[in-house]
Amino acid sequence: MIGSEIYNLNVYNYDIPHKQIAQHPSDERDRSRLLVINQEGHIEHRVFTDILGYLKPGDILVLNNTRVIPARLNALKEGTGGRVEVLLIKDIGDNNWEVMVNKRLRSCQMISIGNGALTGQCININGRKVVKFNGGEVRKRLMEYGLPPLPPYIKRNGSDNGDSSLLDMERYQTVYAENEGSLAAPTAGLHFTDELLKKLRGLGIRTVNLTLHIGTGTFIPVKEEDLRHHRMEREFYHIPDETSEVINRAKAEGRRVIAVGTTTTKALESASDREGNIISGSGYTELFIYPGYRFRVVDALITNFHQPRSTLLMLVGAFAGLDIIMTAYTEAIKSGYRFYSY
């Protein structure tokens, strides 16, 4: 694919049978299927534990240790008793949270969660929907009444607080999740187990962490027909000193840096200078990676399949080549792969 065609939103579209969109996690994290694309575009079909054979001593495996908060709340509209699902997007201070809702919620409408354990009022600030909660224990109440903020292609009914939600609380979270603040899981990391990570380290593969809290910038659909006009919402990231030191040493010695996930990739590329050196510290990124981008840090990428027309599909298209990626997606669909988060 050449020329301005790569900036056309429609070339990032594809059809996926609904039955191949995974609704529940696999029985074992590391037994998911693995599609491997080499530098020549050759495709191999494996299982995730086979990743041991594709990494080598001296490689640096970079993990996003963000932790998903249970930001999905089932609420009742006071006065009408109507149900509404509220997704907390951003804590903007003074018990105010920017939110997304699945049903109409008018300004000044009061909502109640957990039989009145948490209440709030919907207000509008600069055109954005905000809920001002009563009381100062919003995060504590999230741990009691919140549910995992599953993406909309995973169907759970509004009152699903049973076995599926308990499973989601565990499995929609990486085993190395540490720093709380994400609205979605860094899904490439969901396939790692503690045992698999231990085996990798035993082979001489170094793991290091960074944090990128996934927000709406990652998953809001692109609407601009020319994707060069799309603007990303900013997301917070942090690169520890140890992580930058290990990566910079590896790059200087010609060793590979392997990103686990697109969010890890975005954090690394955002924190690098023109020579590809990682600068430690915290910041916000609005980086939008699409074909034509020159990667400075990441040598290999472990990632899930991504939705049509998503910024994540554009990132992997930029990394591996869009024609190669779309061919791989077609092959994966024909071969019956499970798609997206799980």
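1. Arginine 206 and glutamate 242 form a salt bridge in this predicted model, with the closest N and O atoms 2.9 Å apart. The arginine lies in strand β12 (residues 206-212) and the glutamate in helix α5 (residues 241-252), so this pair ties together parts that are 36 residues apart in sequence. Neither residue is buried: arginine 206 is partly exposed at 36% relative accessibility, and glutamate 242 is partly exposed at 48%.

2. Glutamate 180 pairs with arginine 139 in another salt bridge, where 3.6 Å separates the closest N and O atoms. Here strand β11 (residues 179-182) holds the glutamate and helix α1 (residues 138-145) the arginine, so the contact ties together parts that are 41 residues apart in sequence. Glutamate 180 counts as partly exposed, with 38% relative accessibility; for arginine 139 the relative accessible area is 38%, which also makes this residue partly exposed.

3. The pair in point 2 belongs to a network. Asp91, Arg139 and Glu180 are linked by salt bridges.

4. A further salt bridge joins the side chains of arginine 46 and glutamate 44, at 3.3 Å from N to O. Arginine 46 has a relative accessible area of 39% and is partly exposed. Glutamate 44 is partly exposed as well, with a relative accessible area of 25%.

5. For the model as a whole, the count of salt bridges is 15. Those described above are among them.

6. Turning to the nonpolar residues, the largest core has 60 members. Which of them touch the most other members? They are Tyr14, Ile247, Leu268 and Phe339. Two or more residues come from each of β3 (60-64), β12, β13 (235-239), α5, β14 (257-260), α6 (262-270), α7 (311-320) and α8 (322-334). Helix α8 gives the most, with seven residues. Strand β12 and helix α5, both contributors to this core, are also the elements that hold arginine 206 and glutamate 242 of point 1.

7. Leucine 268 can be followed through its contacts. With neighbours within four places in sequence set aside, leucine 268 is in contact with Val62, Leu210, Ile247, Val257, Ala259, Ile278, Val297 and Val298. One of these, Ile247, is listed with Leu268 among the residues that touch the most other core members.

Definitions and conventions
Residues numbered from 1 in each chain as written. Predicted model: local features only at pLDDT ≥ 70, side-chain atom pairs only at ≥ 80, totals over all residues. Heavy atoms only, no water. Salt bridge = Lys/Arg side-chain N within 4 Å of Asp/Glu carboxyl O. Buried < 20%, exposed > 50% of the residue type's maximum accessible area, 1.4 Å probe, protein only. Helix = DSSP H or I, 4+ residues; strand = E, 2+ residues; numbered from the N terminus. Core = buried A, V, L, I, M, F, W, Y, C linked by side-chain atoms within 4.5 Å. Contact = heavy atoms within 4.5 Å.
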